[in-house]
Amino acid sequence: MAKLEMELTDEQGELLEARLNRSFDKGNEASLICRKIEEVATTAELENIAREYRFCDKIDLFGFDVYIARRVLRVLLNALVRFPKLRGRLNYVGSYQNYEAFLSKMGEGDMGFVREVGLQNIFDENMARTFGRFGVELCKELWADDMMSLSAYVSMGGLCNGLLFDSVGRQDFAYLNALSAIRKNEQIGFHPKGCDSFESVVYHEIGHMVDEMCFFSFSEEGTAFLAQYSSEEIAQGLSRYATASPQECVAEAIAEVFSSPSPRKIATEIYEKVQNCT
Ligand SMILES: [Zn+2]
């Protein structure tokens, strides 16, 4: 894995801390925002809604089918309402390709791109170069490992995290193919009950972001909490994929609570525990 060699001064560290602690404060306007999302007809208008209500630092829905873009915004809104502090980690939302291109521009020391994600007080030109180049290298590794599906989360310590999508047309063969695999995986218990949609894949990725807000699955408390379930219980009562690691277990639990009309016991217990620590 690519490693980032970059040290922050105390002041930069404080600025990053403040950045991570930002909160979504438009939760009381959620139904109005929701209506606006339904009413508009283009991806450009959807981007404007995300900007107006500050869903994230940067959104680029170029190449997205409007039908998919609308679903992305609904998921973001729903997640931000339930976890307002998720805002601090939602830096870049867009396609894989555009994210990589964005980081590559940063790697050229282009301060315009640094400002677009609000990093101008933390990064000087040199840091932008180091960070951007590192990001491009990381993307290439992730893409090469074939870890990408409909959606993925690239963690960059809250500096320029990416919530990414295969810039999708809903009639794309790749999209339909991925969707049919998800449905099958839900039926056979590889993924949790109710997690059979585009949204559930995004909620799973958001689950990783939420987990990172308090490093629950990495903490002693979190590990001890998760250890109360045997892997058999997790495979039966959540999903088989959840047995892969504590991180996947938390992401699957959060995905089930967001996606299922009647989330089961293990998913609910983990979700509530994580919610309490965020
Ligand atoms: Zn995952």
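Mentor: Let us start with the overall picture, bearing in mind that this is a predicted model. The chain has 13 helices and four strands.

Trainee: What makes the chain as compact as a globular protein of its length?

Mentor: The globule rule gives 19 Å for 278 residues, and the radius of gyration of the chain is 18 Å, close to that value, so the chain is as compact as a globular protein of that length. Taken along the principal axes, the C-alpha atoms fill a box of roughly 50 × 45 × 40 Å. Of the contacts between residues at least 6 apart in sequence, 68% join residues at least 24 apart.

Trainee: How do you know whether arginine 54 is buried, partly exposed or exposed?

Mentor: A buried residue needs 20 or more other C-beta atoms within 10 Å, and an exposed one has 12 or fewer. Arginine 54 has 14, which lies in between, so arginine 54 is called partly exposed. This residue is found in the loop between helix 3 (43-52) and strand 1 (58-60), and its phi is near 50°, a positive value in a residue other than glycine.

Trainee: Why is phenylalanine 215 called exposed?

Mentor: Phenylalanine 215 has 10 other C-beta atoms within 10 Å, and the limit for an exposed residue is 12 or fewer, so the label applies. Helix 9 (residues 198-214), which phenylalanine 215 follows, is mostly covered, with 14 of its 17 residues buried. For the chain, buried residues make up 41% of the 278 residues.

Trainee: What makes strand 1 and strand 2 count as paired?

Mentor: Pairing requires at least two bridges, and three bridges join strand 1 to strand 2 (residues 92-95), so these parallel strands qualify as a pair. Isoleucine 59 stands opposite valine 93 in strand 2. Strand 1, helix 4 and strand 2 together make a left-handed β-α-β unit.

Trainee: How do you know that strand 4 pairs with strand 2, and which way do they run?

Mentor: Four bridges join strand 2 to strand 4 (residues 162-165), and the two run parallel; tyrosine 92 has glycine 162 as its bridge partner in strand 4. Four bridges also join strand 3 (residues 151-154) to strand 4, but here the strands run antiparallel, with serine 151 opposite phenylalanine 165.

Trainee: Which residues of strand 4 point one way, and which the other way?

Mentor: Gly162 and Leu164 point one way, whereas Leu163 and Phe165 point the other way, and all are buried. In a regular strand the side chains alternate between the two faces of the sheet.

Trainee: What makes up the largest nonpolar core, and which residues have the most contacts inside it?

Mentor: The core has 76 residues, and Ala253 and Ile254 are those with the most contacts inside it. Its largest share, nine residues, comes from helix 4 (residues 66-82), and it draws at least three residues from each of domain 1 (10-165) and domain 2 (173-277). Leaving aside residues up to four places away in sequence, alanine 253 touches Leu238, Ile266, Ala267, Ile270 and Tyr271. In soluble globular proteins, nonpolar side chains tend to be buried together.

Note on methods: Residues numbered from 1 in each chain as written. Predicted model: local features only at pLDDT ≥ 70, side-chain atom pairs only at ≥ 80, totals over all residues. Core = buried A, V, L, I, M, F, W, Y, C linked by C-beta atoms within 7 Å. Domains from an automatic or database assignment. Contact = placed C-beta atoms within 7 Å. Rg over C-alpha atoms; globule rule 2.2 N^0.38 Å. Right-handed = clockwise from strand over helix to strand, strands pointing away.
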